[in-house]
Amino acid sequence: MNDPFLLFDLLLASAVIALAVATLSVRDLFASIVLFVIFGLLSALAWVRLSAPDVALAEAAIGTGVTGALLLKTLHHMRFVTGRLGQDAAESVTPAQPVPAPVIWANAALCGLITLGLAMAFFAAPQAGPGFEALVTDAMPESGVTHPVTAVLLNFRSYDTLMEVVVLLAAVIAVWQIERGLSEAPAPALGEIWHGFARLTLPAIVVVGTYLLWKGSEAPGGAFQSGAVLAAVGLLLLLSRNYVPRPAHRGLARWAFVLGTGVFAAIALLVAGGGREVFEYPAEHAYSLILLIEGLVTISIAVTLAALFHGREPVALAIEEKRHDT
Amino acid sequence: MTPDLIYGATGIAVFAIGLIGALCAQDRLRRVLALKLCSVGAGFILVVGAWRIPPADPDPVPHALVITGIVVMVSATAVALALIRRLHTLEAEDDD
Amino acid sequence: MMLELVATALITLGTVFFIAGTVGLLRFPDIYCRLHALTKADGLGLALIALGLALMADGFGEVFRIILIWFFVALASATSGHLIAAHARRVDRERET
Amino acid sequence: MTETPFLPLIILLTSLLAAPVLFALPERAARLRTGINLGVAALKLVLVGWLSWKVGQGVIYDISFEVLPGLEFKLQADPLAILFVSLSALLWLITTVYSVGYLESGPHRARFFGFFSLCVSATVGVAMAGNLFTFLIFYELLTLATYPLVIHRGTAESLRAGRIYLIYTLAGGLVLLLGTLALWVLAGTTDFSPGGVLEAVVAENRLAAQMLFVVLVGAVGVKAALVPLHAWLPIAMVAPAPVSALLHAVAVVKAGAFGIMRVVYEVFGIETAQALGMTAPLAALAGITIIYGSLKAITQDDIKKRLAYSTVSQVSYITLGVALASPIAAVGALAHLIHQGLMKITMFMVAGNLAEGLGVKKVSEMDGVGRRMPGTMLAFSAAALAMIGLPPLAGFVSKWYLAQGGLDAGAVWVIALLLGSSLLNALYFLPMLQRAWFRDPTDADAPPKQRIGWMLAAPPITTALMVLAVGGFANAPFSPLEWTRFVVAIEYQE
Amino acid sequence: MTIDPITLAVFVPLFGAIAAFVFPRAAVWLGLGAVLATCATVLGLAREVLAAGEVVTPLGGWAPPLGISLRADGLSVAMLGMSAIVGLLVSFGALDALRDLRQRQYFWPLWLLLLTGMNGVYLSTDIFNLYVMIEVIALAAVGLTVLSGTKDAVRAGLEYMYASILGALLFLMGVGFVYLQLGRLDFAGLIAAEPSGALSAALALMVIGLLLKTALFPLHFWLPAAHANATAPASALLSGLVVKAALYIFLRLTTYMPLPDEILVTLIGALGAGAVLWGGVQALRAERLKLLVAWSTVTQIGLIFLAFARAGQVGLTESWKAAALLILAHGVAKSAMFLAAGRIKDEVGHDRIADLDKSDIRPTLAQFTFALAAISLIGLPPSLGFIGKWSLMEGAMAAGYWHWVAVTMIGTLMSVAYFSRVFAGFLRFDRMRGELAEHKGWALADIAPLTLAVAAISLGLMAAPILSFIELGYPFGELP
C-alpha cells in the first residue's frame, strides 16, 4: 500500500520507541520525565492516526498530563527532602543498590524473548478482524447517546466504568492514608506572570472541560477527558496557591470524591426492577441519566485527580508547622 | 503494510522496554516510568486491535477499555508515587 | 488553488522555524540562549502554521478555534519560557552564593 | 443389632468436651478441676463398662460419615477396640488421681489436664477407629496432645526431648499418612475388617503390597518403639511421672502396638500377611527389639530410663505375638497389651513417688527405700516380678501363651528368646528390689523430702493389685485373657 | 425494586466503603455493618446457587460479549463465603488490633473496597473486568499494607505496588491479545476458541501476571516483607484472602483455556515445589514471628500449585478440587494465624522468635490459637489443610507422580520444624528474667482468631459437603 502517511507512521513509531528508550536511559530524572511526557504525547498522536481520538485525548490529558504533573511533584518532593539533608540535589535521589550486570543482561534477554514471542503471536493474529462493532451498531439506538465510545463506557460496559471510578476512589483513599502527617515540600514561588497566566487560562479551561463533557455523548470526549481537564484547574489553583486546602475542607472533599461513584452505583441499583437488570437504564431516560452520571463523575474525577496531585490530606496547620520546625 | 502492524510492533516494543525497565531500573521513580511505558504498550495493542481498514469505523469497545486502563494506571501511579514520597521522607528522617 | 498554495507555503515556513528552534535548543550553549531560540522561533512557527491552517479552514468556526489554539499555545509557551528562565536565574544565584 | 449407635461417640466426647472446659478453668480453681477430671474419668469408665457389656452380647456399634467422597470418618466398637478402650479408661482414672496428687502445686495445671484429657480422647479414638483413615486422625491427635505434656516442665532439656519426640512421631505420622493414602489408592477402602482388605491387591501386585506393609508397620512402629525407631522413648522420660506412665502404659506406645495389630489383622489379614512373607521378618525385628531393649535397660542407672528401655523391650512382646501368626500367640500378645499396661504404669508411678517423696531418681540411690516407703515398694516389687514372668503373675500369663504360640507356629527360637528375655528382665529388676529391700538406707535419718499423699500412694498399689488379679484370675469370665480369646476368635475368623 | 444478591455482593461492600469514608467517625460501625450485610448477601446467593446450580445476571441487560454478566457457581460462592466470613472475623479482630484512631478510619474504607474488588473477581465473567477488579484489589491492598506507617512497611508496600502493577499490566497485555484473536473478552468466547498463537501468548502473559500477583516462587519476592510488616488484621486479609483472588482467576483461565502442554503443568508444579522448599528454608531462618508466617504463605501457595499439577494435564479437573480445598483451608487458617501473631506481638511487645521465651507475659489463648492454625497449615488431621493435602497426595499417587508426594512430605516436615521453633518459644519457661507475670492469658480480642482457627480444624470433617457445594454449576469444566 502506498499510503503517504505510512512514512509518517514509521517516523512516529520510531520516535515513540526512541523516546521510550531515552526515558529510561537518561541519567537525569527530570529529563526522564520530560521525555516521558513527549513520549506520551506522541503516543496519543499515534492513536489519533489509528482513529482513536477519545483514547488519544485521555492519554494526553490523564496518562501524560496528570501523570507528568504527579511525577514532577514527586521529584520535587524527593529533591526537597534530600536537599534539606545537604546532599547534592541534582544527583539521582533514590539510594540505589546497583543491579549486577548479569542480572540486567538476563532480564534483557528474557524481555527480548518475550518480545519475540509476542511479536510472532501478534503478526499471526487476525488483522483488523471483527470485534464488537456489529453488536455496538445494533445496540446504539437503545444506548441513549450517539457516540459509540460513550455508549460503551456508560451503558454497555458501565460496570467496568463504575469500577474504574472505584479505582480512583481507592487511590485517593490510599494516598491520603499513605501521606498521613507527611510534610510538604514548599511550592516554588512562581511570580506575577504565572498568576496572570493562571487567571487568564482558568476560565478557558473550565469552558473546555465542560464542552468536552457535553460533547461526549455525540463526539470524542466525555467524563474522563473532561475530568482531567478540569483537574488541571485544580492543579493551577494549587500551584499558584490561590487555593490552599484546609482541614475544614476535608469533609467536603470526601463527599466530592465519592459523589460520582455513589450516584453512579445508586442509579445502577435504582433502575433495576420490573424486569430490568441493574445498570439497565430505561431507554427513554437513558440520555439524561447518562448525562447526570457523567456530570457527577466528572466532578469526582476532577477533584480526585487534583487531590492525587496535592497528595496528603489537609490537616490542621498547627501540626504542619510543628513538622516543619523539626 | 498498514498502520496497525507498524503501531502493533511499536506497542510490543514499548511494552518490552517498559518490562526491562521495571525489572532492572534502580531508581524508584524510573520504575514507575517503566511501568507506565508498559501500560502505554498494552494500550497500543488494544487500539491497534480496534483499528479497521479506513472506510470502516474502528471498534469502540477497545477504545473504552483503553480509556479505563489509562484512568486505572494514573490511580496506580499516584499511589506508587505517594509511597515513594513517604518512603523517601522516612528514610531521610532516619538519616538525621 | 491559490489559497492552498499560500497556505502550504505558510505551513512549510512555519515548520522551518520550528526546526530552526529545535536546532537552537540542541546546539546553543546555555539555558538562556536555548530558551531564546526556542520561544522566538517556535512562537513564529506556530503563528505561521496557524495562519496557514486557518486559510484552509472550512468555516468561521474552525478559524475561530484555530485562533484560540494559537492564543493559548502562545500564552502557555511564553509563560513557561518565563518560568524556566526565572528558575534558571534563581539556581544560578544560589550557586554563586 | 444396634441399640445406641452413639455410645462410642459419647465415650469419645466425654473427655474431648472436658478438654476445653479444663483449659478454660483458671489456675486457682483446683477443686473444681479435680472434680471435673475425676467425674469425667469415672463417667467414662462406667460408659465403657456398659459398652463392653453390650459388645460382649454381640451388639455392633458403627457410626460413620463421609469426609471426602467415599472416604469415611468411622467409629466402631469391636471386641479388639473394647480391649484397648477398657484399658485406657481404667488407667486414665487411676492416672488422673495420681496426676492430681503429683501436680498439686505445680504451674500450668489447666493446660496439663486439658491436654491430658485430649490425650485420652485420642487414645479412645485410636482404639475405636473403624478404618485406617480415622485411626490416622486420632493417631496424630495423640501426638499433638502428648507433646505439651512431654515438655510440661518447660526447661531446655524437656524442650529438646519434646522436639525429638515430635520429629519422630510426626514423621511416623506422615509415613502413616502415606501408607493410608497408598492403601486408599490401591484398595479403594481403608476399612478395618477381619481378614483384611488387600487380597485382590496382593494377587495383582505383590511388591506394592509388601511395600505397603513395610510402610504401615514402620509408621506405627515409631510409636511402638520398634528398634531402630525407638530412640524417642528413653529421651521422652524427662516428662513428669504421670505423663511417662501414660506414654508407656496407656497411650502412645500402646497406640503403636495396637496399630500393628490393626494393620496386620484387619488391613492385611493374618493369612495375607503371612502369604506376603512379612510376618517372619516382623517377628525377628520384635525379637531383636526385645533383647536390645533389655540389654540397654541393664546399663541404665536412671530409674525412669531403665523403665523406658524395659518398655521398648516389653511392648515388642505384643508385636511378637502378632507376628507369630498363631492364634495362641495372639492371645498372649493381646493379653500383654493389658498386662504390660498395668505393670508398667505401676512402676512409673512408683518411680514418680520415689522422686517426689525421697528425691531418689537413680537405681544407685535406691538403697533401703523399701523400708522408707514400704507400700509403694511392695507395689513395685509385684510389678517387677510380674514383668520378669513369675507365675502366676500377669507377665507370666502372657509369656506362657507366647511361648505356646511359638511352638504352635513352629518357631522354637521364641522359647529361647522368652527365656533369655526373662533372664535379662531379672537382671535389671532384681538388683533394684535387692537394693530396696536388703540394703540399709544410706541416710536413714533423713526425713522424707515430702510426704506422699494418698493420691500418690494409692494408685500404684491399686494397679499392683490388679497385676496380681489378672494373673491369678486369668481364666475368670471378663478377665482380659478371656476377652482376648474372644477377640482372637474373630481375627482368625474361627 | 428487587435486586439479586449477586449484584449486591459487589455493591454492598462498595456502599459500605463509601459510607465509611465519608463518615470517618462512624467508620467502625458502618464498616462492620457492611461486612455483616455482605455476609447476608452471600448467604442469599448461596441459597440461590444451591437451588439453581448457577446464577447469571447480565448487567445493564446487555448480554455478553457486548455487556458484562455476573455469574455465580459453587466455587465462586465458596470464595465469596470465605472472604465474607474470614473478613467478618478479621473485622472483629481489627476492633482491638487497631488502636490508633487514624488507622481505624482508613482501615475500613480500604478493607471494604478490597472486599468489593474480591467479590467482583469471584463473580466476573469478563477478562477486562477482571483486570479492573484486580486493580481495585491492588490499590486497596497496598493501602492496607502500609497502614502501620513504618519504614519497613512502606518499603514493602512499594515493592508490592510495583509487583501488583506489573502483574496487572501483563494481564492487560494478555487481554489485548485475546481481543486481537477473538474480538471478544467474555469467558464464553474463551471456551469456544480454537487454540492459536495469539491465544497462547495471551495465556502466557495473563498467567505470568497472575503468578506474580499470587506470589508463586520465584515471583514471591514481594510477599514476605509486605505481609510481615503490615498490621495484623491487614496481614490476615492480605495473606488469607487477597492472594487467593489471583489464584482464582488462574483457576478459571486454565479451566477455560487449558494449558497447551503437559510440560507447562509440570513446570508450574515444579515452581510450586520450589516455593514449598525455598519458603520452608526461609521460614526456618526467619527471625520474626510474622515473617515466619509470611514465608509460610509462600510455601502454602506453592502447595496449592502442587495440587494443581499433582496429576498432570489429564487430572486437571479433579486436581482443581484439591487445590480449591487447600485455598479455603489456607484462607481460614492463615488469617487466624496472622491475627494470633498480632495478638502475641501486642501482648509480648515484640515478635522476635528467639526472645519469645524470655517474656514473662504469656498470652496463652493467642498462642493456643496460633498452634491450632499451625495444625491446619502443617496439614495434621482432622483440619481442612489435612484434607487438602490428602487430596493432593491421593491424586499424585494415583497418577504415579511420586515426586509430588515426596515434595509434599518434605514440605510438611519442614513446616513442623519451623512451627515448632515458635512452639518452643511459647512453652519454654526457664529463660524468663523473672516470675511469670500476672496475666490472665486471654482477652476478648482472642475470640476472632480462635474462631477462625477452630473453623480451620473442624472444617476438615465437613470436606465432603464443601466439595459437593463447590462443584455446583460445574466450575471445573465438566459441562452438563
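1. A crossing of two helices is left-handed if the near helix is turned anticlockwise from the far one by less than a right angle. With that in hand, α1(B) passes α2(B) in a left-handed crossing. Note that this is a predicted model.

2. Helix α1 of chain B covers residues 3-24, and helix α2 of chain B covers residues 28-50. Their axes come within 7 Å and cross at roughly 160 degrees. Angles over 145 degrees count as roughly antiparallel, so α1(B) is roughly antiparallel to α2(B). Their contact has 17 nonpolar, 6 polar and 3 charged residues.

3. Next, a helix pair between chains. The axes of α7(A) and α4(E), residues 101-123 of chain E, come within 10 Å. The crossing angle is roughly 150 degrees, which means α7(A) is roughly antiparallel to α4(E). This crossing is left-handed.

4. Which residues make the contact of α7(A) and α4(E)? From α7(A) come M163(A), V166(A), A170(A), I173(A), A174(A) and Q177(A). From α4(E) come Y106(E), P109(E), L110(E), L113(E), T116(E) and G120(E). By class, 9 are nonpolar and 3 polar, with no charged residues.

5. Now chains A and B. Their contact takes 77 residues from chain A and 67 residues from chain B. Several helices of chain A each supply at least two residues to the side that touches chain B, among them α1 (5-25), α4 (101-124) and α7 (158-178). α3(A) gives the most, with 16 residues. This side of chain A has 51 nonpolar, 17 polar and 9 charged residues.

Definitions and conventions. Residues are numbered from 1 along each chain as its sequence is written. Chains are lettered from A and ligands numbered from 1 in the order in which they are written. This is a predicted model: local features need pLDDT of at least 70, side-chain atom pairs count only at pLDDT 80 or more; totals for chains, interfaces and linings use all residues. Two residues are in contact if their C-beta atoms, placed from the backbone, lie within 7 Å. Helices (H or I, at least four residues) and strands (E, at least two) are DSSP runs, numbered from the N terminus. Ala, Val, Leu, Ile, Met, Phe, Trp, Tyr, Cys and Pro count as nonpolar, Asp, Glu, Lys and Arg as charged, and the others, Gly among them, as polar. Axes are lines fitted to C-alpha atoms, for helices over the stretch in contact, and angles run from 0 to 180 degrees between N-to-C directions. Angles under 35 degrees count as roughly parallel, over 145 as roughly antiparallel, 65 to 115 as roughly perpendicular and the rest as oblique.
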